[in-house]
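Okay, thanks for coming, everyone. Let me put the structure up, and then I'll walk you through a few places in it.

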Amino acid sequence: MYKDLEGKVAVVTGGSKGIGQEVAIRFGKEKMAVVINYHSDEEGANESVEAIESHGGEAVAVQADVGSEEGIQTLLDTAVDHFGKLDLWVNNAGMENQSPTHELSFDDWSKVMSVNLDGVFLGSKAALNYFVKNNIKGSIINMSSVHDKIPWPTFAHYAASKGGVKMFTETIALEYAHKGIRVNNLSPGAINTDINAEKFEDEEAKQKTISMIPMNYIGKPEEVAAAAAWLASSESSYVTGTTLHVDGGMTLYPSFEKGDG
Ligand code: BGC
């Protein structure tokens with residue numbers, strides 16, 4: 001636990017399930033106040049709220065589309081109205097779908113970009129604006145993916161969005177470092193969440209994924225949440241613009257493991 005996180009106010013987008021839910025719950029354990037954003041899973045968002053409160057934190061669930069300025073404004077307003085301020089913004093909401101690129105519809109491309117990249121821009125902009133105006137040395141954590149680095153055929157839109165998130169993070173980290181605002185990129189590998197549930201029901205597909213992970217297991221959402229708590233805390237006070245891979249070594253070119261090449 002990080003003592004300095006107690007009483008801090010965070011917005012977590014996509015906090016109703018998967019990694020976002022686990023990050024939100026971890027913040028609850030840190031006794032923070034959390035605005036849980038959800039898109040359609042109200043039940044999941046309420047579960048997050050209950051879990052946070054049961055750990056001694058405070059929470060409120062808010063429906064909003066992160067790809068819209070109004071949605072983002074609602075999240076910021078909720079943080080300030082309910083909890084009096086904002087210290088941390090986690091752009092976690094994300095989506096993926098698969099298609100050969102020559103058949104990928106512009107609609108599917110646009111949906112992924114809206115949540116994964118527009119959402120990160122709009123959320124970061126709102127948080128930066130609030131931090132600058134109120135002279136707060138706040139922090140932003142963007143949830144990327146190992147596919148900000150590893151090409152992913154048939155997921156070109158997803159990989160493009162995550163590569164974009166990484167460079168956006170680095171750019172704004174540089175732009176606002178002199179104000180003491182930190183911006184970091186958290187980049188998970190294959191994690192046991194809803195986004196992968198269908199794929200991992202197929203044992204063969206699951207084993208194939210595991211064979212691509214040097215540590216030989218699918219990560220737990222709690223392992224990503226632990227990294228988020230560290231990046232949020234003052235224990236990482238000198239860390240900005242970094243991309244922290246939480247991936248069991250997936251980005252380490254596993255096919256070279258035995259010295260082939
Ligand atoms: C995706 C997962 C995938 C993992 C590793 C993540 O960004 O959301 O579906 O298993 O990358 O390829």
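Leaving aside its neighbours within four places in sequence, which residues is Asp41 in contact with? Quick reminder before I get to that: this is a predicted model. So, Asp41 sits in the loop between β2 (33-38) and α2 (42-54). Apart from residues within four places in sequence, Asp41 is in contact with Ser16 and Lys17. Asp41 is partly exposed, because its relative accessible area is 22% and buried means under 20%. And if you want a sense of distance, take Asp41 and Glu103: they're 62 residues apart in sequence, and from C-alpha to C-alpha they're 29 Å apart in space.

Around the ligand you'll find Glu96, Ser145, His147, Trp152, Tyr158, Gly189, Ala190, Ile195, Asn196, Lys199 and Met250. By type, that shell splits into five nonpolar, four polar and two charged residues. Which helix gives the most to the shell? That's α6, residues 194-201, with three residues.

Now the polar side of things. An N or O atom in the Glu96 side chain is 2.6 Å from an oxygen atom of the ligand. For Ser145, a side-chain N or O atom is also 2.6 Å from a ligand oxygen. Then there's Tyr158, with a polar side-chain atom 2.7 Å from an oxygen of the ligand.

Last topic, salt bridges. How many does the structure hold? Five, and I'll show you some of them.

Start with Asp87 and Lys85, whose side chains meet at 3.1 Å, N to O. Asp87 is buried, at 12% relative accessible area, whereas Lys85 is partly exposed, at 28%.

Next, Asp107 with Lys111, where the closest N and O atoms are 3.2 Å apart. These two are four residues apart in helix α4 (residues 106-134), so about one helical turn separates them. Both ends are partly exposed: Asp107 has 46% relative accessibility, and Lys111 has 41%.

And then Lys166 with Glu170, with the closest N and O atoms at 2.9 Å. Here the helix is α5 (residues 156-176), and the two residues lie four apart, about one turn of the helix. Lys166 is partly exposed at 25%, and Glu170 is partly exposed at 26%.

That's my tour, so over to you for questions.

Key:
Residues numbered from 1 in each chain as written. Predicted model: local features only at pLDDT ≥ 70, side-chain atom pairs only at ≥ 80, totals over all residues. Heavy atoms only, no water. Near = heavy atom within 4 Å. Polar contact = N/O pair within 3.5 Å; in protein donor to acceptor, adjacent residues only side chain to side chain. Nonpolar A, V, L, I, M, F, W, Y, C, P; charged D, E, K, R; others polar. Buried < 20%, exposed > 50% of the residue type's maximum accessible area, 1.4 Å probe, protein only. Contact = heavy atoms within 4.5 Å. Salt bridge = Lys/Arg side-chain N within 4 Å of Asp/Glu carboxyl O.
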